[in-house]
Amino acid sequence: MEKRFYQKEFETMELDKMRALQSERLVRQVKHVWDNVPYYRGLMEEKGLTPDDIKGIDDLHKLPFLSKADLRDQYPYGLLATDLKNCVRIHSTSGTTGRRVVAFYTQGDVDLWEECCARAIVAAGGTEDDVCQVSYGYGLFTGGAGLHGGAHKLGAMTLPMSSGNTERQLQFMNDLQATILCCTPSYAAYLGESLKERGMDGDKNTLKAGIFGAEPWTEEMRRDIEKSLGIKAYDIYGLTELSGPGVSFECEEQAGMHINEDHFIAEIIDPETGEVLPEGEVGELVFTSLTKEAFPLLRYRTRDLTCLTREKCACGRTLIRMRKPMGRSDDMLIIRGVNVFPSQIETVLLNEGYSPNYRIEVDRENNTDTLDVYVEMNPDQFSDVVKDINMDAADLAAAIKNMLGIRPKVHLVAPKSITRSEGKAVRVIDRRKLHD
Ligand code: DLL
C-alpha cells in the first residue's frame, strides 16, 4: 500500500534541507519577535544579543529561555507580536494555579495549526472517507478546535461532539459510523468501558483508530484502550502556548511522536542547569516556534520530560521523534525523598491486571510522607471475601514498592467508585501543601 502523508514534502524532508529551512525561518522569527515584543527584546538585550547574532539554528542556544512564569506575567497582551486586529482567535490553558495563559492566532496561524493536525490524522490512517468523532472539549481548550480543524482540512466528515454526555457519544458513534475517535486517553478508556457494557467493544463497532493526547498515558494503557475499542491508538502532543495539539504526532509505527520540525524546533535541556543535552538523553523539552505570527515563542520551556531521536522511522517520515512524555518536571512527586511519576504507578497497575482508574494521595503525618493509592477492582476481581481483597492489596503494594522503592498503602475499591474524567484526568492529590 502506498504510504500516505498530508504534506509529504515537509514530512519526509532530508535533514540538511530541513536544517536550512529551520535556519531561514528562525532568523525571520527572531527578527519578528525583536521588532514586535518589547518584553523578549529586553531579555535579548540583557544577554547583549541583537537579531544579527542569530544567523541560523546553530545560534539557537544563545537565545534566552521563556517560561510559563513569563507568559503569566505578561498576561494578556505582553507577548503578542502583531496588532490585535490581525488576530482571529484566542485559546487558553486550563491553568489550575495562578493566571491563565492566553495564546493568540492570526488566520495564518490557525491554518498552519490545522495542517499540523491534519498530518496527525493522516498518520493515524485517516482519509477524506473517514468520520472523525472529536470528543475533546471545544472552547478555550485547544483539543476540540485543533482536531476539528485538522479533520476539516483533510476533508473528512467531522463529528463535533465535544467532551461529555457519554450516552450521546456512543449513540452517534454507532449511528453515524465513526471511524476515528479523538479525545483524551482517560476518556477513551471510559468510552471503552461503556462500550463493553453495551456489547459494542472490540470489533463490534466501526472505529478503526483513535488520536489521544493532552495528558500522559502509558503503553499499558494504550494496549487496554486498543483492546476495548478495537482500534489502533495513536498519541498526539501539543500545548496551548504553541497552538495546541499537533506539535507532534505518532505514525503507524507507534514508536514516538514526530515533531513538526518545519514549524517547531525542539531541544532537550537539563531542567536544573539549562544546559542543552545530546540526542537520546531525558530532560526538559524546549520549543522555538518558526512560523508564528501572533504568538511566537522562542525557547519556551514546556516542563515536559522526554527525549528525542533521529533514528530512521520505517514510516518514511524524517521528522525527529520525541518519546511519550513521562510526566512534567512539575508533576514529579518527591515522596520520602524518592522521585515518583504517576505514570510509573499506572504502569504497575495495568501490568498487574487492574483498570486505569486510580487516584494517588500524598500527605504528611508526623513529618513523614504518606502515599495512598486507590485502585478500582475489575468486576471479576471484585470479591466479597475481605481476606482475598487484603491479599490482593498487599501484592499490589509489593509490586509498586518494587517499581518505586517505597511502599504505598493500597486501597482496592469497588468498580466504578472512582470518578471518570471526560477531559484531562486529575489523578494526584497532594495535601502536603509544599507548593503554592
Ligand atoms: O493539552 C493540547 C492538546 C490537546 C494536546 C489535545 C493533545 C491533544 P494544554 O492544555 O496547554 O494543551 O496542555 C499542554 O499537556 O505540556 C503536556 O504536559 C500535556 N500533554 C499534551 N499532550 C500530551 C501527550 C493540550 N500526548 C500539556 N502526552 C503539555 C503527555 C501531554 N502529555
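Predicted model: local features only at pLDDT ≥ 70, side-chain atom pairs only at ≥ 80, totals over all residues.

**Stop 1: the ligand**

Next, show the backbone atoms of Ile236: one of its polar backbone atoms is 2.7 Å from a nitrogen atom of the ligand. Then select Ala214, where a polar backbone atom is 3.0 Å from a ligand nitrogen.

**Stop 2**

Now select Glu193, Lys196, Asp224, Ser355 and Asn378. Of the 29 residues that line the second largest pocket, these five are the closest to its centre. The volume of this pocket is about 730 Å³. To see which elements contribute two or more residues to its lining, colour helices α8 (185–197), α9 (219–229) and α10 (342–351). If the lining is coloured by residue class, it divides into 12 charged, 9 nonpolar and 8 polar residues.

**Stop 3: the largest cavity**

How many cavities of 30 Å³ or more does the model contain? The count comes to 3. The largest of them holds about 90 Å³ of space. To locate this cavity, select its lining: Tyr105, Asp109, Leu112, Trp113, Cys116, Leu242, Ser243, His263, Phe264, Thr291 and Lys292. Which helix gives the most residues to this lining? Helix α5 (residues 107–123) does, with 4 residues. By class, the lining of the largest cavity has 6 nonpolar, 3 polar and 2 charged residues.

Most residues other than glycine have a negative phi. Ser243, however, has a positive phi of about 115° although it is not a glycine. This serine is found in the loop between β7 (232–239) and β8 (244–250). At 6% relative accessibility, Ser243 counts as buried.

**Stop 4: the cysteines**

How many disulfides are found in the whole structure? The search finds 0. Select Cys132 together with Cys182 to examine one case. The closest cysteine sulfur to that of Cys132 belongs to Cys182 and is 5.1 Å away, so the two are too far apart for a bond. Cys132 is buried, with a relative accessible area of 1%.

**Stop 5**

Select His258, which is placed in strand β9 (residues 257–259). Is His258 buried or exposed? It is buried, with a relative accessible area of 0%. Display Leu319 as well: the side chain of His258 reaches the backbone oxygen of Leu319 at 2.8 Å.

The other histidine on this tour is His61, in the loop between α3 (38–46) and α4 (68–73). Its relative accessible area of 48% makes His61 partly exposed. His61 and Glu267 are 206 residues apart in sequence, and their C-alpha atoms are 9.2 Å apart.

For a further comparison, select Glu361 and Val30. These residues are 331 apart in sequence and 44 Å apart in space, C-alpha to C-alpha. Glu361 is placed in strand β18 (residues 358–365) and counts as buried at 11% relative accessibility.

**Stop 6: further backbone geometry**

Select Tyr75 and Pro76 and look at the bond that joins them. Most peptide bonds are trans. The peptide bond from Tyr75 to Pro76 is cis, with omega near -5°. Pro76 is placed in the loop between α4 and β1 (87–92).

End the tour at Arg303, which is found in strand β12 (residues 300–306). Arg303 has a positive phi of about 75° although it is not a glycine. At 31% relative accessibility, Arg303 counts as partly exposed.

Key:
Residues numbered from 1 in each chain as written. Heavy atoms only, no water. 1 Å grid on protein atoms, 1.4 Å probe; cavity = no way out; pocket = protein on both sides within 12 Å on 5 of 7 lines; lining within 4 Å. Points joined across faces, edges and corners; volume = space filled by probe spheres on them. Nonpolar A, V, L, I, M, F, W, Y, C, P; charged D, E, K, R; others polar. Disulfide = S-S within 2.5 Å. Buried < 20%, exposed > 50% of the residue type's maximum accessible area, 1.4 Å probe, protein only. Polar contact = N/O pair within 3.5 Å; in protein donor to acceptor, adjacent residues only side chain to side chain.
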